[in-house]
Amino acid sequence: MAHRWTNTLTHADVTPRAAFLNRRQMMAGLAGVGLAGLARGASAQEALEPNTWEEITSYNNFYEFGTGKDDPVKYAGALTTEPWSVKIDGLVDNPGEYDFKDIMSEMTVEERIYRFRCVEAWSMVIPWNGFELADLLNMAGVQEGAKYVAFETAVRPDEMPGVRYPILDWPYREGLRLDEAMHPLTIMATGIYGRPIPNQNGAPLRLVVPWKYGFKSIKSIVRITLTDVEPPTSWNMSNPREYGFYSNVNPDVNHPRWSQASERQIGGGLFAKRIPTLMFNGYDKEVAGLYEGMDLSEYY
Amino acid sequence: MQRVNQILRRLPVWVVYVSGVLPAPWLFYQGLTGGLGVDPIEALEHQYGELALQLLIAVLAISPLRRFFGLNLLKFRRALGVLTFTYVALHLLVWLVLDVQVPSQIWADIVKRPYVTVGMAAFVLMLPLAVTSNNFSVRKLGPRWRSLQRLVFPAAILGGLHYVMLAKGFQVEPLVYLFVIIGLLMLRVPFPSLLTRLRQADSA
């Protein structure tokens with residue numbers, strides 16, 4: 001069952017590619033003749049400016065390919081995504097290796113236009129294509145005692161230059177509480193702008209949890225494990241003081257090294273005005289109930 | 001080396017100033033026109049900061065290069081020092097005006113975020129060096145000028161540390177900068193005389 005959730009951002013919010021490019025050229029032109037202030041005013045008015053294909057696919061954090069924002073677009077081409085299979089194991093009725101093509105034949109792909117907020121305090125709006133994680137988990141059959149879902153990214157030193165260095169304890173690991181994983185907002189993305197998801201964005205399938213910091217949305221998944229204990233997660237293992245298991249977007253709980261109160265929208269150019277960060281990245285109506293009674297400064 | 005030094009002696013210092021300062025407006029122009037990618041603020045901030053570290057390393061390398069290889073670049077040291085400060089100041093300016101933007105947030109960050117504190121401390125240590133980078137100050141301060149200029153050593157360590165502290169995960173590049181800086185400073189420690197003293201202490 002798909003279509004349980006309706007977008008508040010619609011296609012009308014996605015800037016047409018041509019219009020966006022024109023505006024950028026105009027802004028660049030204005031700035032060039034010393035009217036930068038004008039350009040700045042124009043960009044500040046756009047409260048929610050969705051991003052272009054170029055922006056979404058050229059500015060990525062995917063440390064398996066290097067720590068630079070442009071490393072993934074440069075090196076992720078080497079990743080073999082066909083064939084691809086996902087091992088689903090742990091507390092499930094039907095454990096096993098699931099071929100990506102077989103998964104896709106069972107799932108209903110739909111479009112979700114979500115805000116994307118990185119823990120580094122920048123953000124984008126991305127038109128994903130994907131299916132609800134709940135559908136995949138139900139296909140595998142979640143058993144009674146399962147409380148958490150653990151995810152792992154592929155580790156291929158031949159194809160991923162970054163994993164040759166101990167930047168993190170590879171493989172990249174992420175996890176969700178089962179109710180977070182089953183939430184209709186939580187999707188497995190397989191495309192962007194109706195095109196297959198590029199390798200640098202986590203081909204062939206990645207998690208997208210729009211109310212959490214971007215690093216929770218693990219890319220190029222090869223394993224999903226249902227467990228009854230909170231699974232270890234990469235950034236929490238690397239620096240537990242800075243990155244908690246939950247990592248919900250929260251303007252009131254700062255990262256120890258920088259404020260999370262505001263963010264910079266990618267695409268605003270050199271004079272992009274910071275905008276206030278929204279609680280749960282603007283999805284508080286949908287997800288706040290998941291955390292009722294929890295002290296979010298303790299469970300950050 | 002003699003020949004290299006002769007050629008260098010004929011190279012006017014203004015060449016270093018001009019070629020050193022050119023990347024600043026060039027990068028800014030690139031940032032305006034999309035040449036720095038989709039997040040030009042972060043890119044410009046990092047590029048200015050990294051250039052400052054590279055120039056700082058060049059400044060610190062001058063005296064070891066002369067001592068160990070006889071390469072004389074002393075005449076360019078002030079220019080490289082002033083350029084280092086210029087890029088540190090530009091890096092700070094981008095951070096203040098384009099990145100953080102909110103004045104109240106700026107002070108909060110300086111006090112609360114250790115990597116910002118360390119970076120600011122390095123900038124403050126470099127201020128008197130920049131102010132006294134002229135012949136008048138050299139004459140006026142006499143031998144005190146030399147000791148004052150030694151502030152570059154702690155400033156360099158803080159600068160390298162600043163880069164290491166802001167990296168996410170274990171990253172090699174910032175550590176390379178810090179190790180090169182520490183290495184160049186170690187070359188200044190008079191180890192041989194320390195060794196002789198130790199030997200003398202042994203035999204005594």
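# Notebook: chains A and B

I began with chain B and counted 12 helices and zero strands. Helices here are DSSP runs of H or I with at least four residues, strands are runs of E with at least two, and both are numbered from the N terminus. The model is predicted, and local features need pLDDT of at least 70, side-chain atom pairs count only at pLDDT 80 or more, while totals for chains, interfaces and linings use all residues. Residues are numbered from 1 along each chain as its sequence is written, and chains are lettered from A and ligands numbered from 1 in the order in which they are written.

**Chain B**

I took the box along the principal axes, and the C-alpha atoms of chain B fill roughly 60 × 45 × 35 Å. Of its 204 residues, 30% are buried. A residue is buried if 20 or more other C-beta atoms lie within 10 Å of its own, exposed if 12 or fewer, and partly exposed in between, with C-beta atoms placed from the backbone.

Next I looked at helix 4 (residues 40-69) and helix 10 (residues 152-166) of chain B, which pack at about 145° with axes 11 Å apart. Axes are lines fitted to C-alpha atoms, for helices over the stretch in contact, and angles run from 0 to 180 degrees between N-to-C directions. I noted which residues meet: B:L53, B:L56, B:V59 and B:L60 from helix 4 of chain B, and B:V152, B:A156, B:G159, B:G160 and B:Y163 from helix 10 of chain B. Two residues are in contact if their C-beta atoms, placed from the backbone, lie within 7 Å. By class, this contact has seven nonpolar, two polar and no charged residues. Ala, Val, Leu, Ile, Met, Phe, Trp, Tyr, Cys and Pro count as nonpolar, Asp, Glu, Lys and Arg as charged, and the others, Gly among them, as polar.

**Where the chains touch**

I found 20 residues of chain B in contact with 27 residues of chain A. On the chain B side, helix 3 (23-32), helix 4 and helix 6 (103-112) each give two or more residues. That side divides into nine nonpolar, eight polar and three charged residues.

I then checked B:D39, which lies in the loop between helix 3 and helix 4 of chain B. Is B:D39 buried or exposed? B:D39 counts as buried because it has 25 C-beta neighbours inside 10 Å. Not counting residues up to four places away in sequence, B:D39 touches A:Y59, A:W122 and A:I266.

I followed A:W122 into chain A, where it stands opposite A:R264 in strand 11. Strand 4 (residues 122-132) and strand 11 (residues 262-265) of chain A run parallel and are joined by two bridges. Two strands pair if DSSP finds at least two bridges between them. Strand 11 of chain A also has two bridges to strand 12 (residues 275-276) of chain A, and these two run antiparallel. In that pair, A:E263 stands opposite A:I275.

**Chain A**

Chain A has nine helices and 12 strands, and 44% of its 300 residues are buried. I traced an open sheet of five strands in chain A, in the order 2-1-10-5-6 and with mixed pairing. Its edge strands are strand 2 (96-99) and strand 6 (173-177) of chain A, each pairing on one side only. Strand 5 (residues 148-153) of chain A pairs with strand 6 of chain A in the antiparallel sense over five bridges.

The largest nonpolar core has 64 residues, and A:I126, A:L133, A:V149, A:M188 and A:L207 have the most contacts inside it. A nonpolar core is a set of buried Ala, Val, Leu, Ile, Met, Phe, Trp, Tyr and Cys residues joined through C-beta atoms within 7 Å. Strand 4 of chain A gives the most to this core, with six residues. A second, separate core has 44 residues, including A:A272, B:V59, B:L80 and B:A155.

**Backbone details**

I looked up two cis peptide bonds. One joins A:E82 and A:P83, with omega about 0°. The other runs from A:A203 to A:P204, with omega near -5°.

A:S220, a residue other than glycine, has a positive phi near 40°. A:S220 sits in the loop between strand 9 and strand 10 (221-227) of chain A, and it counts as buried because it has 26 C-beta neighbours inside 10 Å. A:N281 is not a glycine either, and its phi is positive at about 55°. A:N281 counts as buried with 24 C-beta neighbours inside 10 Å.
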